[in-house]
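View the sequence and the fold first.

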Amino acid sequence: FIIIFSSLFISKPNYIVKAENTTSPTKWAKIKSGALLYKTRDSLKTTYDNVYFILPQSYFVELLENNTSEIIKVKYGSIIGYAKQSHLTRVDFIPKKPTLDDVTFNIGNISTQLRKTPDTNDDKIVTILESGTTGINYIAEISGTIPSGQTTSTWYFAEYTPTFDPTSVYRGYVHKSKTIAMGIIEVNLEDNPIINMPDNSQASGKGITKISTTTKIILIVLVTLPSIIIIALLVTHKKKTQNLNDAPVNNLQIPSELLQKHAINKQNGEKCIKQENNSFRLKSKKVKDLEEHIKEFGEKNIDNVRKSDKTIDQKSEEKTMSFLLKEKQKTPQKYIERQFDSSAIFASTDENDLL
């Protein structure tokens, strides 16, 4: 996944192709503020006799030339003229709304003229606009002479089609003071300027936007970093699990409290065994002495009985000897069993038994 994602940026040119672009070199440019549509290539002459109007900002002109000179031939709507390239921004798409549409105004209660120039001193009249005329199409505006009694120099460049003659189209200038009900001029938000586009980077039917090397590196790092962290965590967890499974029991660390308790139990056990053994030896000696005493006493008693009472029979003698033998065996066996039990209790002193 990481390799495939990275190859998208490394093996391709530094541009992203967009779908809605032109199939030929750039033919459109976005209008900046203050751009004029000249009648000739002489951009030094800015009076109305060499200027059609001020091009509406944020809209577009079609480029009729492909050169790098300061003045370039353009077309705004159906009007052909010239513009400064410094007042334009080339784009790599066909604008959906290159010019102002459906912006109209009406004539007030006083008739006026649609003039050839924005100058009241010029007697060239295109047509008469009667009072109450409606639906005159606004194209742009320009600064001209100020009519008598007025305070503004603004003139509208407009297009008029009479209702009684729909095949005729009149185009000229009308002073702003003679108009009413002017429509709203909206800003065209279409925007995708070309930034440092090389001449050999045009893709057929598609425009391109540059992606810098720094941006590519950041994108690759952002995608690959989480994967690297996950792999590192998995490897670390696997090593810890393997080390825990392979660790021998003998290497396990026994808590100091348990070792201390074990040592005390071992010492107490050995002490108890020693005491029991001493007690057993002492009692064994007493038993041996008692055994000798019983034997001596028994033999004397039997002789005395035989001498004093001739009627004792063999059966009584056997019973007496049996009793004495049982007494002889009874006491030592008791201490032998006790000594065995004590030894068994404290015999286990291995540390592994504590685990």
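The sections below cover the aromatic pairs, a cluster, and a threonine in a loop.

## Aromatic pairs

This is a predicted model. The structure holds eight aromatic pairs. One of them joins Phe 53 and Tyr 76 in an edge-to-face arrangement. Their centres are 6.1 Å apart, with 70 degrees between the planes. Phe 53 belongs to strand β4 (residues 51–54) and Tyr 76 to strand β6 (residues 71–76), so this pair ties together parts that are 23 residues apart in sequence. Phe 53 and Tyr 76 are buried.

Phe 105 and Tyr 156 also form an aromatic pair, a tilted one. Here the figures are 5.5 Å centre to centre and 50 degrees between the planes. Phe 105 is in strand β9 (residues 104–107) and Tyr 156 in strand β13 (residues 154–160), so the pair links parts that are 51 residues apart in sequence. Phe 105 counts as buried because its relative accessibility is 0%, and the cut-off is under 20%. Tyr 156 is buried too, at 6%.

## Cluster and charge

One aromatic cluster takes in Tyr 52, Phe 53, Tyr 76, Phe 157 and Tyr 173. Lys 39 places its charged end over the ring of Tyr 52, 5.5 Å from the ring centre.

## A threonine in a loop

Thr 117 sits in the loop between β10 (112–115) and β11 (125–129). Is Thr 117 buried or exposed? Its relative accessibility is 14%, so Thr 117 counts as buried.

The side chain of Thr 117 makes a polar contact of 2.7 Å with the side chain of Asp 122. Leaving aside residues up to four places away in sequence, Thr 117 touches Tyr 48, Asp 122, Trp 155 and Tyr 173. Tyr 173 is also part of the aromatic cluster.

Terms used:
Residues numbered from 1 in each chain as written. Predicted model: local features only at pLDDT ≥ 70, side-chain atom pairs only at ≥ 80, totals over all residues. Heavy atoms only, no water. Helix = DSSP H or I, 4+ residues; strand = E, 2+ residues; numbered from the N terminus. Buried < 20%, exposed > 50% of the residue type's maximum accessible area, 1.4 Å probe, protein only. Polar contact = N/O pair within 3.5 Å; in protein donor to acceptor, adjacent residues only side chain to side chain. Contact = heavy atoms within 4.5 Å. Phe/Tyr/Trp six-rings, centres within 6.5 Å; stacked < 30°, edge-to-face > 60°. Lys NZ or Arg CZ within 6 Å of the ring centre and 35° of its normal.
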